[in-house]
Amino acid sequence: MTGAGPLHWRIEGKGPPVVFIHGMACSGLQWRGTLAALATDYTAMAVDLPGFGLSKQLAPAFPELADAVVEGARAHGHHQFAVVGHSFGGLVAQDLAARYREAVTGLVLVASLGGAHRERMGLGRRISRMPWVSPVVLWVVRTLAWQRVLEHAVYRRDALPDGVVHELLWSARHARAMRHGGALVPGSPPVLSLSRSPLLIWGEHDRVVPLAQGMDLLRRTGGRLEVIPGCGHLPMLEAPDAFHQLLRDYLSGNPGPSWTGGPASPGVSQ
């Protein structure tokens, strides 16, 4: 077993397995609607990464995140699976695909970070790294910080039901690994060499990981980039119908019609 310990999984459906990896300050709850949407045809599996959500134990280092996901999928009887990673989870997905190439049947990167990423650390993150800060203070800081991040991440706040917002805030409060976030970032981009080209999905108005970074990532990974109009950093929640159609088309091997439109958001292949 890895140093990350056992992970919490949310699993729905029966069919070819698809593993979903959440972003920073989130949990597998962000994929709840996606699991339900795919459950008729796939075994949809959303993991809480080590130190996030209901996965209690922290990962000692970044590579152990992918190791723990693969170990957990195998424990559920799945030695080959498609991987979908969002934001920070996209980095984990890339690392997993690079080091466990034979296990990955497909790779979808959603508003993904693309390599040696060093974000600016805001006050909330700096406070959360202070070892003497009490759990109550951390709970308040994470809640307030994530409310501010959420306003920045979502293009249209009214696109998210209140229940989804509450789940996101719960996940932020339980993101214990953020206190050790420096150890959870790779020093260099993973080198991908996959038998199947990846799919990249971006929100047209993503202000957290802007579309320009998606274009840069496309040049490194190849594959296809699809941009969802009128959407920010959380396309699976802001535009679930468009997102799920793109995902289904890729998983089924059918490129399908492009959801992109307008001069600012063309579908791009490379």
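Buried means under 20% relative accessible area and exposed over 50%, with partly exposed in between (1.4 Å probe, protein chains only). These legends describe a predicted model, in which local features need pLDDT of at least 70 and side-chain atom pairs count only at pLDDT 80 or more, while totals for chains, interfaces and linings use all residues. Residues are numbered from 1 along each chain as its sequence is written, and side-chain values use heavy atoms, with hydrogens and water left out.

View 1. Start with Ala111, which is buried at a relative accessible area of 0%. Its place is the loop between β5 (104-110) and α4 (123-128); helices (H or I, at least four residues) and strands (E, at least two) are DSSP runs, numbered from the N terminus. Now look at Ser87, in the loop between β4 (81-86) and α3 (88-99).

**View 2. Val209 and the residues around it.** Val209 sits in the loop between β6 (199-203) and α7 (211-221), and at 1% relative accessibility it counts as buried. Which residues is Val209 in contact with, leaving aside its neighbours within four places in sequence? Both residues from the previous view turn up here: Val209 is in contact with Ser87 and Ala111, along with Ser112, Leu113, Trp202 and His233. Contact here means heavy atoms within 4.5 Å. Val110 is 99 residues from Val209 in sequence, yet their C-alpha atoms are 10.0 Å apart in space.

**View 3. Gln94, a buried residue in helix α3.** Gln94 belongs to α3 and has a relative accessible area of 0%, so it is buried. Its side chain makes a polar contact of 3.1 Å with the side chain of Ser112. A polar contact is a pair of N or O atoms within 3.5 Å; within protein, one must be able to donate a hydrogen and the other to accept it, and residues adjacent in sequence count only if both atoms are side-chain atoms. Beyond four places in sequence, the contacts of Gln94 include Leu109, Leu113, Pro190, Leu217 and Arg220.

**View 4. The two sides of helix α7.** Leu211, Gly214, Leu217, Leu218 and Thr221 are buried in α7. Seen down the helix axis, the buried residues fall within an arc of 105°, so they line one face; that arc is taken from the directions from the helix axis to the C-beta atoms. Turned away from that buried side is a face with the exposed residues Ala212 and Arg219. Gly222 follows α7, with a positive phi near 70°.

**View 5. Ile21 in the largest nonpolar core.** A nonpolar core is a set of buried Ala, Val, Leu, Ile, Met, Phe, Trp, Tyr and Cys residues joined through side-chain atoms within 4.5 Å. The largest has 40 residues, and Ile21, Val69, Phe88 and Leu96 have the most contacts inside it. Not counting residues up to four places away in sequence, Ile21 touches Trp31, Val47, Leu49, Val69 and Val92, among others. Apart from this core lies another, of 34 residues, among them Leu168, Leu199, Ile201 and Leu247.
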